[in-house]
Amino acid sequence: MQPLEVTSRPYDGFTVVRLRGELDIATAEELRLRLRLARREHGDRVVLDLAELEFMDSHGLSVIINCYRSVTEAGGSLALVAPRPIVWRALEITGLHQRLTIVDTVDEAVAAAPEPAGGAGEAPESEAPEGGEDAGPAADQAAAPVAAAGST
């Protein structure tokens with residue numbers, strides 16, 4: 001099993017979150033937390049780059065669905081980029097491929113996104129990032145593996 005790596009960065013008014021490895025029951029909660037932090041730091045216009053995601057189970061789908069609901073309720077958007085065939089199949093089986101924006105590149109995701117309603121998708125400037133491995137500008141570029149719960 002390859003651990004999940006999650007990186008986030010701002011890009012042209014969007015929060016780009018890149019996933020690499022496997023998204024399953026062991027890593028879904030950590031991804032949920034990392035998405036919440038990335039949105040807090042960079043805003044509610046989210047692009048999930050799935051090009052290097054090798055596997056996703058129903059727990060991963062649940063995280064994506066909840067992220068979609070949260071960002072759209074906040075006036076933002078969610079797009080998925082370049083899912084591999086195994087990930088595409090999970091999206092197709094559940095019908096999510098018809099409800100979500102799925103494109104080939106980050107630039108296409110940015111171009112396809114609706115304009116935010118009243119600036120709701122922008123991160124508040126006064127909010128300081130929380131401590132931990134996501135805090136600070138270096139975290140935008142560094143990948144951090146997500147360990148399975150209970151593993152050391």
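Analyst: Let us begin with a term: a residue is called buried under 20% relative accessible area, exposed over 50%, and partly exposed in between. Please keep in mind that this is a predicted model.

User: Which side chain does Glu 52 meet in a salt bridge?
Analyst: Its partner is Arg 20, at 3.3 Å from N to O. The two residues lie in distant parts of the chain, with Glu 52 in strand β3 (residues 45-56) and Arg 20 in strand β2 (residues 14-23), 32 residues apart. Arg 20 is also partly exposed, with a relative accessible area of 33%.

User: How many salt bridges does the structure hold?
Analyst: There are six. Among them is one between Arg 32 and Glu 29, at 3.1 Å from N to O. These two are separated by about one helical turn because they are three residues apart in helix α1. Arg 32 is partly exposed at 22% relative accessibility, and Glu 29 is partly exposed at 45%.

User: What about Asp 44 and Arg 39: buried or exposed?
Analyst: Both residues are buried. Their side chains also form a salt bridge, at 2.6 Å from N to O.

User: Back to α1, how many residues does it have?
Analyst: Helix α1 has 15 residues, 28-42, and spans 21 Å from its first C-alpha to its last, close to the 21 Å expected. Its buried residues include Leu 31, Leu 35, Ala 38 and Arg 39. After the helix comes Gly 43, which has a positive phi near 110°.

User: New topic: what is the secondary structure of the chain?
Analyst: The chain has six helices and six strands. Along the sequence they follow the pattern β-β-α-β-α-β-α-α-β-α-α-β. Of the 152 residues in the chain, 42% are buried.

User: Last one: which residues gather in the patch of negative charge on the surface?
Analyst: The patch is formed by Asp 12, Asp 104, Asp 107 and Glu 108. Asp 104 sits in the loop between β5 (101-103) and α5 (106-112). Asp 104 is classed as exposed because its relative accessible area is 60%, and the cut-off for exposed is over 50%.

Note on methods
Residues numbered from 1 in each chain as written. Predicted model: local features only at pLDDT ≥ 70, side-chain atom pairs only at ≥ 80, totals over all residues. Heavy atoms only, no water. Patch = residues over 30% accessible without salt bridge, like charges linked within 9 Å, V, L, I, M, F, W, Y side chains within 5 Å. Areas by Shrake-Rupley, 256 points an atom, 1.4 Å probe, with all protein chains shown as cover. Salt bridge = Lys/Arg side-chain N within 4 Å of Asp/Glu carboxyl O. Lys, Arg positive; Asp, Glu negative; His and termini not counted. Charge placed at Lys NZ, Arg CZ, Asp CG, Glu CD. Helix = DSSP H or I, 4+ residues; strand = E, 2+ residues; numbered from the N terminus. Buried < 20%, exposed > 50% of the residue type's maximum accessible area, 1.4 Å probe, protein only. Expected span 1.5 Å × (residues − 1).
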